[in-house]
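Please read them with the coordinates open.

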Amino acid sequence: MEYKTIDDNEIHEECGVFGVFNVKNASELTYYALHAMQHRGQEGCGIVTTDGTRLYGHRGVGMVKEIFHEQELRYCKGDFAIGHVRYSTAGGSGPNNVQPFMFNHSTGDFGLCHNGNIVNSKQIREKLEMNGSIFQSTSDTEILAHLIKKDVTKSRIEAIKEALNTLKGGFAFIVITKDKLYAMRDKNGLRPLSIGKMQDGYVISSETCAFDVIGAEFIRDVEPGEIVTFTKDGMSSTFYAKDRVNNICAMEYIYFSRPDSDICGVNVHASRKEAGRVLAQEAPVDADIVLGVPDSSLSAAVGYAEESGIPYEMGLIKNKYMGRTFIEPSQELRDKGVRMKLSPVRSIVKGKRIILIDDSIVRGTTSKKIVKMLRDMGALEVHMRIASPPMISPCFYGVDTNTYEELISAYNDVEKVREIIGCDSLAFLSHEGLKKATGISDMCMACFTGHYPTELFDSIKDANKESKF
Ligand code: SF4
């Protein structure tokens, strides 16, 4: 018997972060916010709070509803909190790498959590270890803590600025002390982080969907290269870097974020729907119905259907009630048609020429399975349309496509990918089409172009061979 995680999607975001400053029931609010961002990481979660006298923390391996119950939330006292949901890539899984981390220090205790990936972490870690630092985990997050405390003669904000200037990559950090919260984003703005207002305090989140869930009002995003400090005197801002650009990750729009989130002022559902519209203009095909692969492709499928005039149908149903782990059906049962996650609706697909919209193709294994399922249910033709360009390069900024080998489009042209997947025709959204759909021209699109916005240090060497494109 083989046990697998529920989520067999081919690509994963690394994490989601959340913070509360000066709002009652901070741990409970963080619980609901993390629950709303569970899609950003299901392997571990944690909350650290303070009541001004000390820090309280609880974390564990599992989903938010498994790790937190009334007792843990009651233990995490105070009006300030930070929280984290984790999908492990850099640093690996295991309880030691679950965030937020807590640190005791003679100059003041603090907690820390982050989303993203530091591409020069290996070099910094080696240097720190040579100078006597001892790490509790293999996570990148701890590096910032060691850097902040490297020179205790500096003020905390100066120490944070210096530490951030040492880090390269895509990251969003939140730091909690007994009387302050700090929120910061990398100078390329790769990972999102937004600020909301709630009662007399503030909340900070990787995604704005968490604000709607707890009733907070969005104020603004943390800018690339900005450190926002929350104290009893309110919110203040400073920048740690001069060379700042807004290269928000394109995959936040394509796949990671919830449709009800706004990332850098652009609604995720609206951008996906527009991507579907542009795709219909760029790659039309004669067919009877348009289907989307649930859930992240449904908005693009609606856009494609509206633009093409071909009816949208609910031809694929996702089982919403799966637990975190389940017993994968044996090959024999799968051959007999046992499907755990996704099922075609026979009465809709039988005898139809189908346009199947998916958000992206990574390894191609899921697409191949879906095309086969539709054909088995009697579909006459299956034309795949992908609402993003071919993924030809790995991501080193906190997404788990770390090698070229994992990417079917890194080694195969579109026709070869079509043949492997087994569909009748295949087309991807163009680079220009993606920019048009989001209205943002300077996003990070490195996994589609191979042009990375930062230095990569050893990451590129570890990513096997290069793409042939
Ligand atoms: S490489 Fe791709 S997944 Fe990674 S940050 Fe850039 S756009 Fe996002």
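1. Strand 13 (residues 226-231) runs antiparallel to strand 14, and six bridges link the pair. The model is a predicted one. A hairpin of two residues connects strand 13 to strand 14. Within the pairing, F230 sits opposite M235 of strand 14.

2. How many of the six residues of strand 14 are buried? The count is zero, and strand 14 (residues 234-239) is hardly covered. For the chain, by contrast, buried residues make up 52% of the 469 residues.

3. Strand 10 has two antiparallel partners in these notes. Five bridges tie strand 10 to strand 11. Here G196 faces V203 of strand 11. Four bridges tie strand 10 to strand 12 (residues 217-221), again in the antiparallel sense. S194 has D221 in strand 12 as its bridge partner.

4. Look next at the turn. The hairpin of strand 10 and strand 11 has two residues between the strands, and Q199 there takes a positive phi near 45°. Q199 is not a glycine. It lies in the loop between strand 10 (194-198) and strand 11 (201-205). Is Q199 buried or exposed? Q199 is exposed, because its C-beta has 12 other C-beta atoms within 10 Å, and 12 or fewer counts as exposed.

5. N25 also deserves a check. Its phi is positive, about 55°, although N25 is not a glycine. N25 lies in the loop between strand 2 (15-21) and helix 1 (26-36). N25 has 15 other C-beta atoms within 10 Å, so it is partly exposed. Most residues other than glycine have a negative phi, and most peptide bonds are trans.

6. One runs from Q99 to P100, with omega near -5°. P100 is in the loop between strand 5 (80-86) and strand 6 (101-103). Another runs from P294 to D295, also with omega near -5°. In that bond the second residue is D295, which lies in the loop between strand 17 (289-292) and helix 10 (298-308).

7. D262 is placed in strand 15 (residues 262-263). Why does D262 count as buried? Because 21 other C-beta atoms lie within 10 Å of its own, and the cut-off is 20 or more. Beyond neighbours within four places in sequence, D262 is in contact with T208 and N267. D262 and T208 are 54 residues apart in sequence, yet their C-alpha atoms are 6.0 Å apart.

8. L147 belongs to helix 5 (residues 141-148). L147 counts as buried because it has 21 C-beta neighbours inside 10 Å. Residues up to four places away aside, L147 touches A163 and T166. A159 is twelve residues from L147 along the chain, and their C-alpha atoms are separated by 7.7 Å.

9. Now the core. The largest nonpolar core has 139 residues, and I174, A183, V290, I354, L356 and I357 touch the most other members. This core takes at least three residues from each of domain 1 (11-246) and domain 2 (270-319 + 337-439). Leaving aside neighbours within four places in sequence, its contacts include A301, Y304, A305, I310, I355 and I357. S308, P311, Y312 and E313 are also in contact with V290.

10. Last, the chain overall. It has 18 helices and 23 strands. Of the contacts with a separation of 6 or more, 72% join residues 24 or more positions apart.

Definitions and conventions: Residues numbered from 1 in each chain as written. Predicted model: local features only at pLDDT ≥ 70, side-chain atom pairs only at ≥ 80, totals over all residues. Core = buried A, V, L, I, M, F, W, Y, C linked by C-beta atoms within 7 Å. Domains from an automatic or database assignment. Contact = placed C-beta atoms within 7 Å. Pairing = 2+ DSSP bridges.
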